[in-house]
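Dear colleague,

I am handing over the structure below, and I would be glad if you kept it open while you read the notes that follow it.

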Amino acid sequence: MVFQKPPDGGWGWVIVVVSFFTQFLCYGSPLAVGVLYLEWLDAFREGKGKTAWVGSLANGIGLLASPVCSICVSSFGARPVAIFSGFMVAGGLMMSSFAPNIYFLYISYGIVVGLGCGLLYTATVTITCHYFDKHRGLALGLISTGSSVGLFIYAALQRELIVLYGLDGCLLIVGALSLNILACGSLMRPLESSGSPPPENTCVDKVPDQYFVYCEKEKTVEENINILEKGYVDEKCANNMPDCKQDSILNKNALSSINVNEKDTYKKKVVEQTNFCKQLAKRKWQLYLNYWEETVVLFKNKVFSALFVAILLFDIGGFPPSLLMEDVARSANINEDDYHMPLISIIGIMTTVGKLTLGIMADFKWVNTLYLYVTTLLMTGAALFAIPFAKSYLTLAMLSGILGFLTGNWSIFPYVTTKTVGIEKLTHAYGILMFFAGLGNSLGPPIVGWFYDWTQEYDTAFYFSGFCVLLGGFLLLLAALPCWKACTNQSSKLPPNTYSYKVASSV
């Protein structure tokens with residue numbers, strides 16, 4: 001499939017708007033799960049590490065399934081995937097309101113909602129990259145702010161809904177709001193293919209229809225013959241029993257001699273169809289081999305290999321504050337009178353600012369987006385090391401704002417991936433990287449929670465988190481310094497893909 005040149009405008013801005021609201025509606029509750037986390041701790045009386053699995057699965061399972069999500073979007077298109085995922089997110093949230101224990105939440109909230117969010121994220125990022133080239137950084141920054149705005153609003157919204165309607169009523173109302181994703185997904189019109197006529201199907205592609213038609217014809221002929229034969233034999237047997245067996249044999253011989261040529265032709269067609277099936281299976285197997293060969297080629301790129309390590313370590317250490325910061329404040333015995341705004345809301349609004357700012361900076365020609373991304377990693381690690389020294393609401397609020405702004409580097413991560421591997425390999429490479437990001441999201445909060453259960457304080461946990469993020473940043477910096485330009489040029493000179501996803505151009 002050959003797409004038109006990205007229009008960098010027009011309907012692309014509609015795509016940006018609906019993608020913004022899609023991420024707002026699907027990620028609002030999972031990112032603001034810290035509010036629900038406190039309620040689940042009180043309701044189920046489980047350990048912090050065990051309860052943290054709910055939020056970490058919701059934010060990590062969709063990323064873990066990114067390769068599958070990428071294949072779904074490439075095979076069916078962004079529009080049907082978005083509509084289907086809207087039902088998943090809404091259904092998972094509503095089912096969570098009936099959770100009898102923490103294990104039920106692992107399935108309903110963690111897996112169902114998380115997988116739906118992963119599909120929606122892949123759909124919105126992919127279709128936006130197709131519509132934008134020159135302003136891709138700005139477009140990705142705008143749509144990624146949807147999740148941050150959702151975090152800011154849903155943190156306060158869920159708290160108020162819990163006060164008014166309880167935890168169960170809150171989840172039911174939030175699930176009903178998520179049904180608006182269906183309207184957003186219906187507007188994700190795929191980018192039309194170029195005006196060149198589609199290639200004609202080969203003879204091998206045309207064979208199945210011919211086989212099926214022929215087989216139906218042969219089946220009809222044989223059924224008619226059997227019916228006539230059976231009716232003739234039954235009538236003879238009813239009238240003259242002694243001659244029944246002899247007449248039946250003579251009738252079969254006569255019919256067999258009449259249709260011998262047709263049966264020979266049918267056997268020939270069956271042999272041809274069997275050969276076709278073997279060729280089709282061989283062809284599909286070759287596509288799978290080519291897919292894994294392409295994956296190996298991606299990992300030969302040093303920058304790409306460092307990216308997957310950095311994103312894994314960043315999510316292990318950088319994600320827990322957004323989930324656990326409210327409990328950090330409660331553990332520090334901060335006076336509620338000084339609690340002017342939820343810390344998670346501060347993280348959300350500053351993440352919005354960070355995504356917009358970093359997305360705009362990525363469009364400047366003099367800015368190296370990879371170095372910009374590395375800088376955000378190193379600063380995030382330093383901020384995490386400072387959390388154990390924050391003993392007041394003001395210092396925790398300042399650190400929450402800094403971490404929120406730096407977490408906005410998610411808006412430039414697709415941009416960095418595109419520059420590293422090229423737009424042709426974006427879906428494949430991004431799916432792999434998001435798998436490791438999901439692994440980090442899933443492991444980070446439970447690890448921090450286990451550190452607390454073990455030491456009864458968060459200091460050691462955040463030292464560990466800061467070390468992980470700094471390590472990932474330094475590894476990426478070492479890989480980028482000598483060969484950033486060389487790896488970029490190498491990726492553009494790689495031979496064309498032998499494996500290609502089938503992209504749905506219309507629904």
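The expected span of a helix is 1.5 Å times one less than its number of residues, and helices here (H or I, at least four residues) are DSSP runs numbered from the N terminus. This is a predicted model, in which local features need pLDDT of at least 70, side-chain atom pairs count only at pLDDT 80 or more, and totals for chains, interfaces and linings use all residues. Residues are numbered from 1 along each chain as its sequence is written, and side-chain values use heavy atoms, with hydrogens and water left out.

Helix α12 (residues 302–318) has 17 residues and reaches 23 Å from its first C-alpha to its last, close to the 24 Å expected. Because 15 of those 17 residues are buried (under 20% relative accessible area, with exposed over 50% and partly exposed in between, using a 1.4 Å probe and protein chains only), α12 is largely enclosed by the rest of the structure.

Ser400, which lies in helix α16 (residues 393–407), has 0% relative accessibility and therefore counts as buried. Leaving aside residues up to four places away in sequence, Ser400 touches Met325, Leu343, Ile346 and Ile347, where contact means heavy atoms within 4.5 Å.

By the rule that a salt bridge is a side-chain nitrogen of Lys or Arg within 4 Å of a carboxyl oxygen of Asp or Glu, the count comes to 1. Lys50 forms a salt bridge with Glu46, the closest N and O atoms being 3.5 Å apart; Lys50 is partly exposed at 27%, and Glu46 is partly exposed at 28%.

With best wishes

Definitions and conventions
Helices (H or I, at least four residues) and strands (E, at least two) are DSSP runs, numbered from the N terminus.
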